[in-house]
Amino acid sequence: MTDTTHEDEYGEALLEMLQIIWGEGFLSPGGADAIDRILEGCDLRGLKVLDIGSGLGGVDCLLAEKYGARVTGIDIEEDILSRSKAYIEQRGLADQVEVRLVNPGPLPFEDNHFDVVFGKDAWLHVEDKDGFFKEVFRVLKPGGRVICGDWLGGEAPRGEDFDYFLELEGISYHLVTIEEYADILQNAGFSDIWTKSIWEEYREEAKTEYHLMQTELYQVMTEKLGPNERDHFIENWRMLCVVLDQGHLRPALARAQKPL
C-alpha cells in the first residue's frame, strides 16, 4: 500500500448495492462461496492472517468462524471500518477479528509478522503493485503465503466501452495482466507462484446477476436505493457484462510463498 493519498470511493448506495448482490458484509463477487473457492485446500487454523482491503467484515468473519484464523483486517475508508466493527461485534467474533483503519503507504506492521496475507478483489485499487507486494513480502513470516482473488485485465487496448464502464463504476481500477501479476510476485521475492483465471466463470455469473437485477432483485433495489440508483446500477452491470465479454476485465486467483 504505497499510495500516499486517497479519497473515499465507496458511497452509501454502492455499499448497499454490492450487498444486495453478494450478501451482507460482502463487497465483491461470489460472497462466501467465492472465499471458499480462493481457499480451497488451505488450512488456516490458528494462523495469523492479514486481510488487506477488508471491507465490511464478511470476509474476516468467515476466515475466523469457518477457517479458524486469527484475523487482522485493514482498510483505508473510515465509514467502511466502522460498519465492519459493528458487523464483527454483532457476530460475536471481536476476540478473533481485529480491524484497523490505516493510511495508504507502508503497512503498519513489523517484519515477519503474519502467516498469511489475504485479499479479495481489493488490490485492483493499488496503483504501485510492485511496492505493494514488496510490503506484503516484508510482513509475512518465512514460509508464509499470499492468497488472493483480484481483478486483472487483458492485453487488448481498452476503448470507449471501458471508459464508460469506469464512469459508471466511480471507483479506481489499476489493472495488470495475469502474466504481469505473476512477474510482480516473483520480483517481490515470492516463490511457488500459482495463478488461475476465473474470467470465463465470472462472465456467466455477471450475466446471471444482471438478469436478477431486472427480475427478482428489482423491487428490493427500488426500495433500498430508489429508482435513480437502481437504474444506474442496472446500466453499470450491463456494461460490466460488455467489458467482461471483451476481455478487458479478467478476474483471477493467485497464491505464492515467501521462501523459508
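**Exercise 1. How many helices and strands are there in the protein chain?**

Solution. First, some ground rules. This is a predicted model, where local features need pLDDT of at least 70 and side-chain atom pairs count only at pLDDT 80 or more, while totals for chains, interfaces and linings use all residues. Residues are numbered from 1 along each chain as its sequence is written, and side-chain values use heavy atoms, with hydrogens and water left out.

Step 1: know what to look for. Helices (H or I, at least four residues) and strands (E, at least two) are DSSP runs, numbered from the N terminus.

Step 2: read off the tally. The protein chain has ten helices and seven strands.

**Exercise 2. Work out whether the radius of gyration of the protein chain agrees with that of a compact globule.**

Solution. Step 1: the radius is taken over C-alpha atoms, and the globule rule is 2.2 Å times the number of residues to the power 0.38.

Step 1: for 260 residues, the rule gives a value near 18 Å, and the protein chain has 18 Å, so the two agree.

Step 2: Along the principal axes, the C-alpha atoms fill roughly 50 × 45 × 35 Å.

Step 3: check the burial. Of the 260 residues, 52% count as buried (under 20% relative accessible area; exposed is over 50%, partly exposed in between, with a 1.4 Å probe and protein chains only).

**Exercise 3. Describe the surroundings of S28.**

Solution. Step 1: find S28 in the loop between helix 1 (12-22) and helix 2 (31-38).

Step 1: S28 counts as buried because its relative accessibility is 10%.

Step 2: list its contacts (heavy atoms within 4.5 Å). Leaving aside neighbours within four places in sequence, S28 touches W22, K120 and D121.

Step 3: look at the side chains. Those of S28 and K120 make a polar contact at 3.0 Å. Such a contact is a pair of N or O atoms within 3.5 Å; within protein, one must be able to donate a hydrogen and the other to accept it, and residues adjacent in sequence count only if both atoms are side-chain atoms.

**Exercise 4. What is the phi of D121, and where is D121 found?**

Solution. Step 1: most residues other than glycine have a negative phi.

Step 1: D121 sits in the loop between strand 4 (114-120) and helix 5 (129-139). At 11% relative accessibility, D121 is buried.

**Exercise 5. Trace the salt-bridge network that includes K207.**

Solution. Step 1: a salt bridge is a side-chain nitrogen of Lys or Arg within 4 Å of a carboxyl oxygen of Asp or Glu. The structure holds 18 of them.

Step 1: start with E200 and R203, whose closest N and O atoms are 3.2 Å apart. Both are in helix 8 (residues 199-214), and because they are three residues apart, about one helical turn separates them. E200 is partly exposed at 45%, whereas R203 is buried at 17%.

Step 2: move on to K207 and D245, which meet in a salt bridge of 3.3 Å, N to O. K207 lies in helix 8 and D245 in helix 10 (residues 227-245), so this pair ties together parts 38 residues apart in sequence.

Step 3: join it up. Salt bridges with shared partners link E200, R203, E204, K207 and D245 into one network.
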